[in-house]
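Here are my notes on the model you sent over. They are set out as numbered points, so that each can be checked against the coordinates.

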Amino acid sequence: QMHQYNYSDRVADLKGRIVVPTGGGKTTIQAGACEYFMRLKGRNVHLVVAPRLALCNQLSVEYRKKINMAEYIALSFHSGRHEVDYSKVRWHEQNTTNTEKVESEIARAGRLGCDLVIFTTYHSLHRLLDFEFDSAFFDESQYCTGKDWFTAVKLLKSRVKLFFTATEKIFSKEKLDENSRALNNEEVFGGIIY
């Protein structure tokens, strides 16, 4: 749909929120934004974060459909073996909880001359805080406001942070400060860009 492709002139070196109703094509916009950053000079490391393993897997499948696999290698980083979804998810990516494996995949992507896309859950995000990403995409970003994940989202080092949701969790502006766990905390989440 046309609105799914009109975002590209709005994503740049920034952070911001993309708010699209359910069924409106957030995943298409997200994969397209990732592909946009893949086209920039140099090879990049991208992070895709989702609340559950099944959604991580769904996003990785959708990315494969929308972005030429020759453009990137993918890695699944999570520790959800005890999550109900785990046995139902058929991972195509290499699956790890080892940060040394992340380092080696970054190096391998560099040697191969391609981008690296890491798919992870909010539960595992805190284990990636020592890395620097070129872009980070937060799916179902209302989960970013949870007390268990807000700090990790805030501290994650990424040149670009884009937050995708159909359900914004916001506070009135009078109640906001830099530690407010609300998506309209523009210091952490940026403004609405689409």
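Predicted model: local features only at pLDDT ≥ 70, side-chain atom pairs only at ≥ 80, totals over all residues.

1. The chain holds six helices and eight strands. Their order along the sequence is α-β-α-β-α-β-β-α-β-β-α-β-α-β.

2. Burial and surface. The chain has 194 residues, and 52% of them count as buried. Its accessible surface is about 9500 Å², with 48% of that belonging to carbon and sulfur atoms. Taking contacts between residues at least 6 apart in sequence, 73% join residues at least 24 apart.

3. Helix α2. This helix covers residues 26-38, which makes 13 residues. From first to last C-alpha α2 reaches 18 Å, close to the 18 Å expected at 1.5 Å a residue. Eleven of the 13 residues are buried, so α2 is largely enclosed by the rest of the structure. The buried set includes Lys26, Gln30, Cys34, Phe37 and Met38.

4. Helix α3. With 14 residues, α3 reaches 20 Å between its first and last C-alpha, close to the 20 Å expected at 1.5 Å a residue. Its buried residues are Leu53, Leu55, Cys56, Asn57, Leu59, Ser60, Glu62 and Tyr63. What do the buried residues of α3 pack against? Their partners are α2, β2, β3, β5 and β6.

5. Largest nonpolar core. This core has 29 residues, and Leu47, Ile118 and Phe138 touch the most other members. At least two residues of the core come from each of β2 (45-50), β3 (72-77), α4 (99-112), β5, β6 (132-138), α5 (150-155) and α6 (186-189). A second, separate core has 25 residues, among them Cys34, Phe37, Ile67 and Val160.

6. Leucine 47. This residue is in strand β2. Leucine 47 is buried, at a relative accessible area of 0%. Valine 117 is 70 residues away from leucine 47 in sequence, but 5.8 Å away in space, C-alpha to C-alpha. Setting aside neighbours within four places in sequence, the contacts of leucine 47 include Ile118, Thr120, Leu125, Phe133, Phe137 and Leu156.

7. Phenylalanine 138. Which residues does phenylalanine 138 contact, leaving aside its neighbours within four places in sequence? They are Val49, Tyr122, Leu125, Cys144, Val153, Leu156, Lys161, Leu162, Phe163 and Phe164. Phe138 also belongs to a cluster linked by ring pairs, together with Tyr122, Tyr143, Trp149, Phe150, Phe163 and Phe189.

8. Aromatic pairs. The search of the whole structure gives eleven aromatic pairs. One of them joins tyrosine 36 and phenylalanine 37, edge-to-face, at 5.1 Å centre to centre and 80° between the planes. Tyrosine 36 is partly exposed, with a relative accessible area of 26%, whereas phenylalanine 37 is buried at 1%. Tyrosine 63 and phenylalanine 119 form a pair with centres 5.3 Å apart; the planes are at 80°, over the 60 degrees required, so this pair is edge-to-face. That pair links distant parts of the chain: tyrosine 63 sits in helix α3 (residues 53-66) and phenylalanine 119 in strand β5 (residues 115-121), 56 residues apart. Both ends are buried, tyrosine 63 at 0% relative accessible area and phenylalanine 119 at 1%.

9. Cysteines. How many disulfides does a search of the whole structure find? The count is zero. Cysteine 34 is buried, with a relative accessible area of 0%, and cysteine 144 is buried with 0% as well. Cysteine 34 is a member of the second core, while Cys144 is among the contacts of phenylalanine 138.

10. Glutamate 71. Is glutamate 71 buried or partly exposed? Its relative accessibility is 33%, so it counts as partly exposed. Glutamate 71 lies in the loop between α3 and β3.

Terms used. Residues numbered from 1 in each chain as written. Heavy atoms only, no water. Phe/Tyr/Trp six-rings, centres within 6.5 Å; stacked < 30°, edge-to-face > 60°. Buried < 20%, exposed > 50% of the residue type's maximum accessible area, 1.4 Å probe, protein only. Helix = DSSP H or I, 4+ residues; strand = E, 2+ residues; numbered from the N terminus. Contact = heavy atoms within 4.5 Å. Areas by Shrake-Rupley, 256 points an atom, 1.4 Å probe, with all protein chains shown as cover. Expected span 1.5 Å × (residues − 1). Core = buried A, V, L, I, M, F, W, Y, C linked by side-chain atoms within 4.5 Å. Disulfide = S-S within 2.5 Å.
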